[in-house]
Amino acid sequence: MAHFFAPDHRTDGYEVDGKLAPDSVWRMRILTGQRRVIGLWGGQDLQVQSNNPSVVPNDGFEETASRADGLRMLSLLGKFPGTSMLECRLGGNLWCSLQVSVADVDLSPNPPLDDRQYALLSPEWNVFGKFEPASGSVPAAFGVLSVARIPVPGTNLVVELNSRGWKGSTSTVFIWEKDGGRYARHLRLDYGYNERTKTVDYHWNRKGPAKEFWGIQDHSPVGKGGEALFKTAKYLKWGGRVLLVVGITMDVISIATASNPLRRATQVVAGWAAAWAGCKVVGAFGAGIGTGIEPGGGTAVGGFVGCIIGGAIGYYAGSEVAGEVYDWAEGTIFAPLPETAPQ
Amino acid sequence: MVERAYINAILLTDEPGERHWQLGAFPAGDGLGMMVGWTVESPEGGVPASVATALVRAMARCGRIAFPSSIRSSGDRDRWQKQGEDDVARLAIATQSPWGRLLPGGGLTTISLLSTRREEAALDLFEDPYFQWWNASQFALVSQPPEMPPRLASPLPAELFEDNWSEAIAPLQAAGIEMIMRSGVDGDVCGVAFRSRPTRNDFEAMLNTAAAECGLVVRTVSNAAFGQILSEASNLSS
């Protein structure tokens, strides 16, 4: 029988009536601004919803455990003082419910532990870390970088890690003419035989006039910094592609296992879109700064660093905002306008 | 110091070359292959216009030129179709994708080929944005008779894009292919593999003439001198 239960058999703020099961909880108390966890047993197919989102928002409940046997762990946020019913439904039929009382101060004999001051330091339940959906801004940021084209401000150039050709290249950093069309002018950081130096070295190759690429000459060798950039770019390209696949896979899993898949899907889509935009915007800013320091190598370093930072922030911000907007939209009721008789 | 005789020169060597030229073990030293370089500076990067013209003109005078082209649309037909004065076809070849090669059937993909006798059309082989000359991923096939496209059939030899590209000349002989040109390291050199000695002699004669028409000279040098002269090309350029 589906029922709510207190994690770790805690009693502070959890009121057990034992009606549905020996440990079934009928009411729990949360302090305003606090998050508390409630367990749901046998509820794998149930849709869980707060009927008063202003008191307990339908924020996905940070559901971190969703096992095949129906054990689910839900984290409820006490947003404002009041009462809400947490209802579990299947096809519209109510299976079980939990009364949630949110108060600024709990003067009952068995109040919930006031751990709000520690909320930012650690999660309420350490077990969360083990079950938390593995998604996030890091794979998104590096993944986006591996396929993004970062514009260089004030020029018609973009920085990227791809050769755009029939086969892979011995070059790792490409600064392409954005609208190069069929001639595709570019500057690329290459490792291989340099016919000018008669050695295998790290060097720039150019296709297009030097003046379009800050005067950098074809076959001009680069120093240790260029070598480091070449190697880093190589790892970013392939590592980023792996993280792209991993990140997307993890996000799909997080959608599939979420208590509210639509909300999570909204967050994921918004997160990736914002990561892409963040990469482009902050990457362009970084490329501009880098160009000012050292055109070519600095352009690439600034662009890549900016893309990673922008992508990470973008993903995080995008998914957070999307979650908020989703909750707002879901908790908003649009009252129909009164009908008036035609004049 | 290299002699000034090598100013604005197209260099040829048929001595066995090193692998750093990204042409594989080529030339083999059997007289059926040569490596081509040039001492002409290119302000725009890439192959200098005069060198590109001389190479294309010499090839066009030896037969009909076919090369991978991502610029000209070829539809999805497996046989040649007329497109203006040229012909286009889309033929199968082994994919370069390591994942694609794991697929059943060896991971075949298709590429567009352009067959032409026109110099201006053939010059695109140095500029194709996808089959990049500078990335050692471009080749040109010269076939006889020049009036019609080569009788190529799918799949094309996978070697054409590989290090052992010159070995493709044997299976392509039946299609009328007389020579294959393949770009080398950074697009700064290229290799030319010939079906026979007479073909090579014809090409060298045509290249001498075409180079002279473009204000260049052709010099045959040793492999050691080939690398040395190219490394000093910026000093030689007039």
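Biologist: How many aromatic pairs does the structure hold over all chains?

Modeller: This is a predicted model, where local features need pLDDT of at least 70, side-chain atom pairs count only at pLDDT 80 or more, totals for chains, interfaces and linings use all residues, and side-chain values use heavy atoms, without hydrogens and water. Residues are numbered from 1 along each chain as its sequence is written, while chains are lettered from A and ligands numbered from 1 in the order in which they are written. Rings of Phe, Tyr and Trp (its six-membered ring) pair if their centres lie within 6.5 Å; planes under 30 degrees apart count as stacked, over 60 as edge-to-face and the rest as tilted. Over all chains, the number of aromatic pairs is 18.

Biologist: How many degrees lie between the planes of Y191(A) and F230(A)?

Modeller: Their ring centres are 6.0 Å apart. The pair is tilted, and the angle between the planes is 55 degrees.

Biologist: How many residues apart in sequence are the parts that Y191(A) and F230(A) tie together?

Modeller: Helices (H or I, at least four residues) and strands (E, at least two) are DSSP runs, numbered from the N terminus. Y191(A) lies in strand β13 (residues 186–194) of chain A and F230(A) in helix α3 (residues 224–257) of chain A, so the separation in sequence is 39 residues.

Biologist: Is F230(A) buried or exposed?

Modeller: Buried means under 20% relative accessible area, exposed over 50%, partly exposed in between (1.4 Å probe, protein chains only). Y191(A) has 36% relative accessibility, so Y191(A) counts as partly exposed. F230(A) has 5%, so F230(A) counts as buried.

Biologist: Which residues do ring pairs link into a cluster?

Modeller: The cluster takes in residues of chain A and chain B. Its members are W166(A), Y130(B), F131(B), F139(B) and F161(B).

Biologist: The charged end of R241(A) sits over the ring of which residue?

Modeller: A charge sits over a ring if NZ of Lys or CZ of Arg is within 6 Å of the ring centre and within 35 degrees of the ring normal. For R241(A), the distance to the ring centre is 4.8 Å. The ring belongs to W238(A).

Biologist: Where in chain A is confidence lowest?

Modeller: pLDDT is the predictor's confidence in each residue, from 0 to 100. Chain A averages 87. Confidence is highest in strand β10 (residues 150–152) of chain A, at 96. It is lowest, at a mean of 40, in helix α1 (residues 127–131) of chain A.

Biologist: In β12(A), what is the bridge partner of V158(A)?

Modeller: Strand β11 (residues 157–160) of chain A and strand β12 (residues 171–177) of chain A run antiparallel, joined by four bridges. The partner of V158(A) in β12(A) is W176(A).

Methods: Two strands pair if DSSP finds at least two bridges between them.
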